[in-house]
Amino acid sequence: MATLVPLPLHSLLHQKPRLKTTNNHRLFRLSAQSRETIDPISSVQYTPGVLDHVFLNLFRNKMVQEVGWDSEKPGYDGLIDVANRLMLARTNSETKDAAVRILRSLFPPLLLELYKIIFAPVAQGKLAAVMVARVTALSCQWLMGTCTVNNVDLPDGSSLPSGVFVERCKYLEESKCVGICVNTCKLPTQEFFMDHMGVPLLMEPNFSDYSCQFKFGISPPEDDSTSNEPCLEVCPNATRRRTAATNTHEMKCPKA
């Protein structure tokens, strides 16, 4: 069994992100706010492993407990069905609060408190931001697809490898819904990391190419324009709302 060797704090904060490559080189498209320039790299197609199925089932079970309903569909398709039910059965605010509870339930409460007390204050929060970026990129590809760590520009003018770039978010692509992205992922994830781990986070989903930029160490603006995004043309909730003659309240998409 491999043993993790702790790196010196200076090395961890200033180490350049390591990116996997193959022979098919291309440029990542970063969000407009990310001023980081990355050399041409190749896309890595992520293949789920045994642990990914364990994480998927754990996350889905926690979501089912919160919703009180499960889909008959197996695997990821069923997860999206449950996420859709989580959103449609509640207001946007209620959906966000429910999603935060789901995220909290995935961790032992003491672990979150210790991280917030021990790691979050170190080096003005930079150590904690770098750590969660790397853990997110390594452990969440089953949910979002291929992820890579990249640098982000902090408000103090420094640059830190505390970003995670999701090349094409599977969660958004499969749900095809701005409401699900914003209310069950972006807003609750930002709140969870800030309130329960002490790490500011700004998530910048791109609804044109389904990419997403995580910026750990950066607080989201008070007026987040993402919440004003129109519903996607391919959104199944909006499509059903436009075609259903009855029971439109149940089919309504919050962003339609």
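This briefing walks through the overall build, a cavity, some cysteines and one threonine of a protein chain. The model is predicted, so local features need pLDDT of at least 70 and side-chain atom pairs count only at pLDDT 80 or more, while totals for chains, interfaces and linings use all residues. Residues are numbered from 1 along each chain as its sequence is written, and side-chain values use heavy atoms, leaving out hydrogens and water.

**Overall build**
- The protein chain has 11 helices and six strands; these are DSSP runs numbered from the N terminus, with helices being H or I of at least four residues and strands being E of at least two.
- Of its 256 residues, 45% count as buried (under 20% relative accessible area, with exposed over 50% and partly exposed in between, using a 1.4 Å probe and protein chains only).
- Take the contacts (heavy atoms within 4.5 Å) between residues at least 6 apart in sequence: 58% of them join residues at least 24 apart.

**A cavity inside**
- Rolling a probe the size of a water molecule over the atoms shows where empty space is left.
- A search of the whole structure finds one cavity of 30 Å³ or more; a cavity here is a set of points on a 1 Å grid over the protein atoms alone where a 1.4 Å probe fits but cannot get out, and lining residues have an atom within 4 Å of a point.
- The volume of this largest cavity is about 80 Å³, counted as the space filled by probe spheres set on the points, which are joined across faces, edges and corners.
- Its lining includes Met 144, Cys 169, Cys 185 and Phe 214.
- Helix α9 gives the largest share of that lining, three residues.

**Cysteines without bonds**
- How many disulfides does the structure hold? There are zero, where a disulfide is a pair of cysteine sulfur atoms within 2.5 Å.
- For Cys 169, the closest cysteine sulfur is in Cys 185, and 6.1 Å is too far for a bond.
- Cys 231 is in no disulfide either, with the nearest cysteine sulfur, that of Cys 235, 3.4 Å away.
- Both Cys 169, at 9% relative accessibility, and Cys 231, at 16%, count as buried.

**A look at Thr 136**
- You can find Thr 136 in helix α6, residues 126-139.
- Is Thr 136 buried or exposed? Thr 136 is buried, because its relative accessible area is 7%.
- Leaving out residues up to four places away in sequence, Thr 136 touches Met 144, Val 164, Phe 193 and Phe 216.
- Met 144 is also among the residues that line the largest cavity.

How values were computed:
On a 1 Å grid over the protein atoms alone, a cavity is a set of points where a 1.4 Å probe fits but cannot get out, and a pocket is an open set with protein on both sides within 12 Å along at least five of seven lines; lining residues have an atom within 4 Å of a point.
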